[in-house]
Amino acid sequence: MHTLSGLDATFLYLETPEMPMHVGSFCLYELPALPRFSLHKTVSAHMGQRLHLAAVLTRKLGFMPLDLGHPVWLQADDVDLGFHIRKVKGRAMTLAQAQATAAELHSGLIDRSRPLWEFHVFDRVLCPDGSVCGAMYSKIHHATLDGKAGTILTQAMMDVGPTPRAVPPPHETTRKPQTLKVGQMLGAVFSNSLAQYAKLARALPQAAQALGSTVARQSLQVQGSGLRPTSPITLAPMTDFNVAVGTARSFGTASIPFEDCRAMAQAAGGSFNDIVLWICATALRSYMSEHGSIPRKPLLAAMPVSLREEGNTDYSTQASMTVVELGTHLAQPLKRLQAIMNSTTKVKTAMVQLKSMLPTDYPSLLAPWIVGGFAKAAFKTYSATGLSHRLPMLANLVISNVPGPRVPLYLAGARMRTFHPMSIVVHGIALNITVQTYAGSVDFGVIADAKAVPQVQDLTNALVAAFEEGRALLGTVPVATPVASATKKQSAPTKAIRAQAPKTATVTTHPSRKRAARTA
């Protein structure tokens with residue numbers, strides 16, 4: 001028995017039909033030249049031989065009596081592969097249809113009575129370049145892993161060549177079902193809570209000192225020859241992204257060359273993450289100029305920061321969140337880039353002091369009632385009373401950058417062509433842009449509430465156009481061309497970037513299938 005950490009359990013407590021708390025991906029696969037090859041059948045057989053390599057695939061939740069504390073992980077007595085690995089119905093789909101199906105699947109909750117994962121396999125997808133490939137949409141609950149743990153899971157289940165590697169068979173004790181008595185479960189609640197209270201008491205003095213010094217530094221801004229006090233907390237400007245979310249999702253993708261992005265970072269004297277943020281900021285500025293107006297204050301992006309120590313391979317969430325200014329109010333692109341670099345430098349300085357002290361756990365006793373009850377009441381009030389149109393948020397959107405494998409990976413002999421992530425949106429922050437680096441490519445996955453961002457294809461178009469603008473602006477030599485795939489008529493870039501957008505730079509996008517959104 002293993003008790004969920006407070007952070008992992010919180011993803012369960014916050015979940016509602018409007019806010020599913022799972023992460024996922026939509027990936028394309030090159031199919032082997034074999035007669036009657038079925039990606040679904042092959043993946044099912046392949047996964048059946050590797051379930052024991054990843055605990056996340058074989059464990060399920062055990063809930064405390066009366067929800068007195070955090071749930072625990074129990075070994076599932078059986079893993080029904082027919083339930084967890086499903087073939088998407090229908091014959092060959094276009095890429096737009098497959099992505100629309102993935103967006104619809106992403107809006108559904110995962111069954112908590114089983115291990116918290118699902119794979120949905122598309123045997124045949126017709127790509128815009130005329131090729132036929134396979135695809136898979138996967139989703140795994142965030143209570144069981146974070147982005148980096150997801151990468152670890154991917155490496156365990158996949159191979160670096162078309163021939164699957166031999167894996168050791170499971171130990172007999174690996175799949176042994178677990179049952180717990182009430183006394184054991186209540187004992188776990190109290191022991192976990194006492195341990196967390198003791199840990200908090202020991203860490204509090206040092207944490208308070210570090211937090212105080214960090215806030216003091218963040219509250220001073222250099223101006224002229226002296227320092228000017230500023231507020232350590234900045235609220236985000238009001239935008240169409242900051243609304244209550246429904247159940248429908250829009251989803252779009254884009255891919256750009258990694259080496260070109262790294263060359264841009266070197267030319268600017270910044271990091272790869274700075275360039276990703278600048279591309280997102282420039283695309284957002286373009287999108288807002290087409291669909292509303294650009295706020296006078298810069299957009300703020302919530303950015304996950306990994307707390308995972310080197311070599312840690314635990315399947316759990318070990319991350320915190322920080323906020324970065326995107327400089328979207330600045331018309332000059334280089335000034336926008338400098339504003340982003342200044343902001344990320346401040347964040348890095350603060351994280352050096354605070355990273356080791358940021359908690360990922362808290363006492364278990366009564367947490368489902370206190371945390372879950374308060375959060376759901378707050379979200380219900382937020383969505384039902386119109387506060388979303390009056391209450392400013394701490395961030396406008398989430399931007400996440402997840403490093404992935406640098407070499408091509410294979411699943412059951414099929415080469416993975418793209419690795420587009422699909423993340424979470426919540427009430428008040430209805431837009432999430434997650435970036436996954438994979439095999440020389442930077443793959444964007446844009447997930448949003450369908451009403452908040454109905455023209456998601458315009459935003460993914462703008463991401464590619466922003467990349468081309470930055471490559472021309474920083475004078476880098478093109479290493480590769482952005483992946484060319486389109487699923488519907490593309491809208492033209494905005495006037496500010498039309499000159500740099502090449503005719504070959506297109507993007508895979510789609511709006512989700514329209515469904516009536518339910519209120520919280």
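This is a predicted model: local features need pLDDT of at least 70, side-chain atom pairs count only at pLDDT 80 or more; totals for chains, interfaces and linings use all residues.
User: What makes residues 272-290 a helix, and what span is expected at 1.5 Å a residue?

Analyst: Helices (H or I, at least four residues) and strands (E, at least two) are DSSP runs, numbered from the N terminus. Helix α8 has 19 residues. The expected span is 1.5 Å times one less than the number of residues. From first C-alpha to last, α8 reaches 27 Å, close to the 27 Å expected.

User: Why is α8 called mostly covered?

Analyst: Of its 19 residues, 16 are buried. Buried means under 20% relative accessible area, exposed over 50%, partly exposed in between (1.4 Å probe, protein chains only). Tyr287 has a relative accessible area of 5%, so Tyr287 is buried.

User: Why is the pair of Phe241 and Tyr287 called tilted?

Analyst: Rings of Phe, Tyr and Trp (its six-membered ring) pair if their centres lie within 6.5 Å; planes under 30 degrees apart count as stacked, over 60 as edge-to-face and the rest as tilted. The structure holds 6 aromatic pairs. In the pair of Phe241 and Tyr287 the centres are 6.2 Å apart and the planes are at 35°, so the pair is tilted. This pair links distant parts of the chain, 46 residues apart: Phe241 is in the loop between β10 (226-229) and β11 (249-257), Tyr287 in helix α8. Phe241 has 2% relative accessibility and therefore counts as buried.

User: Why does His141 count as buried, and which side chain does its own join in a polar contact?

Analyst: His141 lies in strand β8 (residues 132-141). Its relative accessibility is 1%, so His141 counts as buried. Its side chain joins that of Glu15 in a polar contact of 3.1 Å. A polar contact is a pair of N or O atoms within 3.5 Å; within protein, one must be able to donate a hydrogen and the other to accept it, and residues adjacent in sequence count only if both atoms are side-chain atoms. The His141 side chain also reaches the backbone nitrogen of Ala143 at 3.0 Å.

Key:
Residues are numbered from 1 along each chain as its sequence is written. Side-chain values use heavy atoms; hydrogens and water are left out.
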